[in-house]
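My entries follow the model below.

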Amino acid sequence: MRAYLSRLSVPPGGSLDIHGSGIPTSRATVREHLHGDPHPDGPGIVVHDCDWGAGTIEAPLVAPSVGSFASAEDALVGTDEFTLSMWVWLTDLSRDVVLATWSTTGGARSLCVTGSRLSLVGTDSRHLLDYRIRERAWMFVGVTCAPGVDGGAASATLLASVWGRTGGPFQSMPLDADLRPDSGALWIGTRGDGGELDGKVAGLRLHRRALDVVDLMNVMNGVGAAADLEWDLADRSDPDRAPVIAGPGTALLLRHAPMRSTAVPSPLESSGRMLCRAGSVHFHRDDTEDCGWPAVAQVAVPEDAAPGLYAIRLGSEAVAYELPFVVSGADDVTLLVPTLTWQAYANLGRDGTWPGLSHYSLHEDGSPVTVTTSLRPTQTFAPTARLEVDPGDGFATGVNATHLMMADLYAWHWMRQEFPGRCGAIDDRDLHLRGAAALAGAKVVVLSAHPEYWTATMLDALEEFLAGGGSAVYLGGNGLYWVSSLHPTKPHLMEIRRWGGSQTWSIDEADRLHQFESRTGGLWEEAGRPPNSIVGVGFGGFGNGASMVFSRTPESFDPRWSWIFDGLDGHEFGGGGLNGGAGNEFDVFDAGRLPPGESVVIATSRPATGDHFGTFERDGARAPAPSVRCDVVLTRTPAGGLVLALGSITASGCLTSRRDRGLARVVRNAVDRMLEPPPATHRA
């Protein structure tokens, strides 16, 4: 039983579709979630059944739609003969590879790599070129197809060559079937139903005549006749299409979100002569844009539904499947739910039967996952999920920190208890699509435990909100970190291209430019927008040891700042949280990267054990080095607002803990001050 929702956020009065596969007749109920951690030192799992959205659903077993490919619907219109050529960099030859397919009166024909040999495959025959295609090397491949003359046999020529040769092995052969296309469609990377190619394609050209082998070799060496039809694989004006460069024809339609590159495919530049145009497309058999499962039910959200975190529950108490979503709407204190972080980690550590990969995974061919989708089933979105780091009984201190929905619910439960009737919630896509307008009516925006992935428009919106007098509480760590993009018309598709930071993989330098917008990937800090310049701290270190405790700094006793500690006993706070207190991934203040206004470090935690260490992009030191620390920073903005940054992924777990050592008091004092009306101005 698996399912996903058509969207992760919905306004009151909107609706959600449930898409599913293999669901027996099941009860569906909507539940509002307030707390998801069963830890005995907290409030436990707090959830309320809603009186709307209930029903019965079932879904047949449907295979997921996976594997990227491309198509040009009219490439072969009006021609009886043609020559197709391309440069390929294939990454997995353990299985047969389909490079191209077209339809003829005698059935479909495919240019393939079979057993590492270039082949022309039809419904009734297979022809092989006796030359081994190399894996992870740029190679030129071509096929010419000519009809028979005066009733004679049709013929085809196959050519393949590694880069650097002036010529290449080829084979011409008569065929016992008609090769003339009987439709205009040309398919790249598939026989027409799912991707069957792992690797890159560049320099895709079509000549509407059968070139002889010498002409084909000239095309390979960059001196051949101009193609009748060629596509610009580097053009990103439409991320789903490569426009035509020359000749009549429509754009090449890219299916299931393959990875695109604008770079010249190295080393396809010889003595200053380009062997093909810049740009390539990396297809994967496990790319997923949308699982493609049918919509089996629709849930209507009432107009009076309160903003918050909800989930559709399928099944019974014994066996259930949760589909979380946000009912969006801003209020005085508004939680920004980091659903882009949910998506980035989705299905991490899960077996390959869960379609759709995480941004921390590699494709089956070993290449990095740069594009993910929210339109796929996942276990890791659940309000009780601790991802893959869950040891023992789930309550081991400091080693099993949760940082997805369960951690967001720490903040949400605390907000609802402390500020009843004044709480709102929006998700990342709300902020991305609507900008600062999504925060209209909010006085304080709360950033949860792990708001790691941000688009430029999200950063713009937060800065605009703060410049307009709004305030923020940053409860997390490792936030505002990776440059992220959303597809301009399909916001369920998210893109990152990691390099230069503390990462699980790093993209090649030539492939750092995003395909969903003209923006270089990597860290926001490298892009000139460090998180420090907005919230006052930036990612500084990791730790899996005992809970970190904050100690007040001398500056915190200044009356301009000391009010935030009213009601606190002693000079220390933090520790004792449900999520390991304060630590896991933590942030530091940097005097060289200051936000607008006046900032002060009001508390610091300095771990002493060597299981805390600095980020790789900084000095990589280990505790007790002075640079390995977690700073709590308070900023007074030029517009009169405040920003409090706790700088720790796990600190929010103190907010709902019975063993909290004052951290909740500090945050409450800050939000109370943020909600105060601005001081009146007097004119003479």
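**Entry 1: ground rules.** I am working on a predicted model, where local features need pLDDT of at least 70, side-chain atom pairs count only at pLDDT 80 or more, and totals for chains, interfaces and linings use all residues. Residues are numbered from 1 along each chain as its sequence is written, and side-chain values use heavy atoms, with hydrogens and water left out.

**Entry 2: a cis peptide.** I looked up Pro624 and placed it in the loop between strand E42 (612-614) and strand E43 (630-636). My helices (H or I, at least four residues) and strands (E, at least two) are DSSP runs, numbered from the N terminus. The bond from Ala623 to Pro624 is cis. I noted its omega as near 15°.

**Entry 3: positive phi.** I checked Asn347 next. Its phi is near 70°, a positive value in a residue other than glycine. Asn347 sits in the loop between helix H2 (339-345) and strand E30 (371-373). Is Asn347 buried or exposed? It is buried, at a relative accessible area of 6%. I use buried for under 20% relative accessible area, exposed for over 50%, and partly exposed for in between (1.4 Å probe, protein chains only).

I found Asn478 in the loop between strand E34 (471-474) and strand E35 (482-486). Asn478 is buried, with 2% relative accessible area.

**Entry 4: helix H3.** I tested the length of H3 (residues 405-418). At 1.5 Å a residue, its 14 residues should span 20 Å. I took the expected span as 1.5 Å times one less than the number of residues. The end C-alpha atoms are 20 Å apart, so the model agrees.

How many of the 14 residues of H3 are buried? Eleven are, which leaves the helix mostly covered. Among them I listed Met405, Asp408, Tyr410, Trp412, His413 and Trp414. For reading such a list, I recalled that an α-helix has 3.6 residues a turn, so residues three or four places apart point the same way.

**Entry 5: a three-stranded sheet.** I traced an open sheet with the order E40-E37-E42 and antiparallel pairing. Strand E40 (584-588) and E42 are the edge strands, each pairing on one side only. Two strands pair if DSSP finds at least two bridges between them. From one strand to the next, the twist averages 35°. Axes are lines fitted to C-alpha atoms, for helices over the stretch in contact, and angles run from 0 to 180 degrees between N-to-C directions.

I then followed strand E37 (residues 538-543) to E42: three bridges join these antiparallel strands. Gly543 stands opposite His612 in E42.
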